Amino acid sequence: MGGRPSSPLDKRQQQHLRGQVDALLRNFLPCYRGQLAASVLRQISRELEPREPAGCQLMRSKKLPRVREHRGHLTQLGGHPPRWQPIFCVLRGDGRLEWFSLREEYENGGHPLGSMTLTGYTVLTSQREYLHLLDTLCPVSSGDHTQEEPDPLLEMPVTFPLFLQHPFRRHLCFSAASREAQRAWRLALQGGIRLRGTVLQRSKAPAARAFLDAVRLYRQHQGHFGGDDVTLGSDAEVLTGVLMRELLPALRAQTLPGLRGAGRHRAWAWIELLDAVHAAVLAGASAGLRAFQPEKDELLTVLEKTIRPDVDQILRQRERLAGRLRVQVQGPLESCLCRKVDTQLSLVTQKLLSTMEAVLSAVQTLLAQGMDRLSRHLRGSSSGTWLRKEVYSFGEMPWDPELMQTCYREAERSQGRLGQLVVPFGFSGTRSLMFGAQDLAQQLMADSVATFLQLADECLTTALNCTQAAQQLEKVRGRVLKKFQSDSSSAQREFIRGWLLCIFLPFVLSQREWSCKVDLLELEGDVLAVGSPALTLEGIYEDIVQGVLLQRINGELKKALRVSDVSCTLDGCSAAPWDQTGVDEEAEAQKGTCPGQPGSGAEVQPFCPLPPPRTFCS
């Protein structure tokens, strides 16, 4: 697509990029090691705390997050020179997009013409919007009188376009055959983008949490405190995004003036250059993290062996140091919150609450409709085969992009207004927030579906006729909805609390950055004397700030939700906004594997065993 950059990466440039990646890793890995220690301490301390009975009412779905495989014919703009050509496209269950010249090549197991992981992409379905985006990539300076060359392949009307745009990678231009096909592809692609983006946030592994915290601390040390979407993707993709943002100003200044062509031809050249830089950085970051993996595994083992025997003493020392530091920072911190946070905290809380109420209401409505549909089929159908098909369809609801779009749309609607509210606090991660809300909606739907199928399987027997079976399903329906309401209420509170921390904590830390350094100096020797890598002055200080901020957040939630008990321990509330109990998929994500998809040739495991023939009716 488009012209190639006039200055492709030569050996010197590639060597320079390798040096940049090496420098990033040298500065980042010490942060990562420290956060691994803190994460192990957090995990062990939680294990030792007295636990109340589990609060979740719904069963936890055992299916790993995935997207439904989507296939079909599209037209793609590609090649040099670029031209529109028919292809057969496949979106894999792990969120990877592949395209083939013919359907038969895909069915025969041939190699694709191309493939792309969808991390960080955005889907555009407006040709005018996409052309405007290209125009903004390389704006024409006042002294530039280069004649714009027409680009008929891009400017010719495309009836049902699908443009995949990325800030640092090459764009993909497709066209569907109909509006219905365009919509189906858009929803499928958006699901793949979200799946690839939130892989670390969904993981329960201590290393994943440590990595995200390390990225945040590394960027704070670079002077960037505001939250954004840089942590979407795998660990290597995240570090690549961090470095690309650091390199971008110099790349613009040094490269844009030398690109040949004008307007959109320069934009294409710029995109291809960025793609080459991104590929080089990603390769270096991936190699560096792979090289660090054995050390990380050994470090986690050593930390477990050294921290667990002394955890009580470490926690006592931590609390003693926190108490001394709290006396110094509490007053100035309260003053900062009163002046700069309190006025907006209520507005942001209300917006998050209204968003989540709309999302979860849509999930509950969709769930109830699905259960009602099963009951109607049970009453009206005498075919066991047909009923098993309906049960399977019900079990696939959480991964049906068309059905779930009614829930996902509610999260998307609030993005603009919420973004306006949080801009003063340096937060630009509303896309991550939206993905988190959609992930939560999907997880609650999956858990509810799994619970319904399990309870139905337990109570329905061959001794029941259709009417009796339908009555039993009505009882199961009521139980599942009550469980859903309980779990969704708790999940909503934790989601809002977590995201309010993500929005306001970095801002407060940035406001107190220089003052806190003076406060911390006095305790530096005491922390070093403890001798545990899990304790750092910076970590203790952030916990204090977080605790004070949480008091205000809990107060706003209490007013907004009108509940009497929103108390929460510091450790229990400091989890990432996606940090719900779940299966650990970090290893699966790193391998790029996923469960079998319908139509992929792999066996699909139902949520619970399907009823044997004629179980639901005699």
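Is Arg96 buried, partly exposed or exposed? Select Arg96 to begin: its relative accessibility is 25%, so it counts as partly exposed, where buried means under 20% relative accessible area, exposed means over 50%, and partly exposed lies in between (1.4 Å probe, protein chains only).

Before moving on, note that this is a predicted model, in which local features need pLDDT of at least 70 and side-chain atom pairs count only at pLDDT 80 or more, while totals for chains, interfaces and linings use all residues. Residues are numbered from 1 along each chain as its sequence is written, and side-chain values use heavy atoms, with hydrogens and water left out.

**Charged pairs**

Side chains of opposite charge can pair when their charged atoms come close. Glu98, at 8% relative accessibility, counts as buried.

Next, go to helix H2, residues 103-107; helices here are DSSP runs of H or I with at least four residues, and strands are runs of E with at least two, numbered from the N terminus. Arg103 and Glu107 both lie in H2, four residues apart, about one turn of the helix, and the salt bridge between them brings their closest N and O atoms to 2.8 Å. Arg103 counts as partly exposed, at 33% relative accessibility.

Now select Glu494 and Arg497, which sit three residues apart in helix H16 (residues 466-511), about one turn of the helix. Their closest N and O atoms are 2.5 Å apart in a salt bridge. Glu494 is partly exposed, with a relative accessible area of 37%, whereas Arg497 counts as buried at 2%. Salt bridges that share partners also join Glu69, Arg71, Arg92, Asp94, Arg96 and Glu98 into one network, and a search of the whole structure finds 29 salt bridges.

**Nonpolar cores**

Turn next to the nonpolar cores, each a set of buried Ala, Val, Leu, Ile, Met, Phe, Trp, Tyr and Cys residues joined through side-chain atoms within 4.5 Å. The largest has 106 residues, and those with the most contacts inside it are Leu97, Leu164 and Phe174. Helix H16 gives the most to this core, with 19 residues.

Select Leu164 to see its contacts (heavy atoms within 4.5 Å): not counting residues up to four places away in sequence, Leu164 touches residues including Leu97, Leu118, Tyr121, Phe174 and Ile193.

Technical notes. A salt bridge is a side-chain nitrogen of Lys or Arg within 4 Å of a carboxyl oxygen of Asp or Glu.
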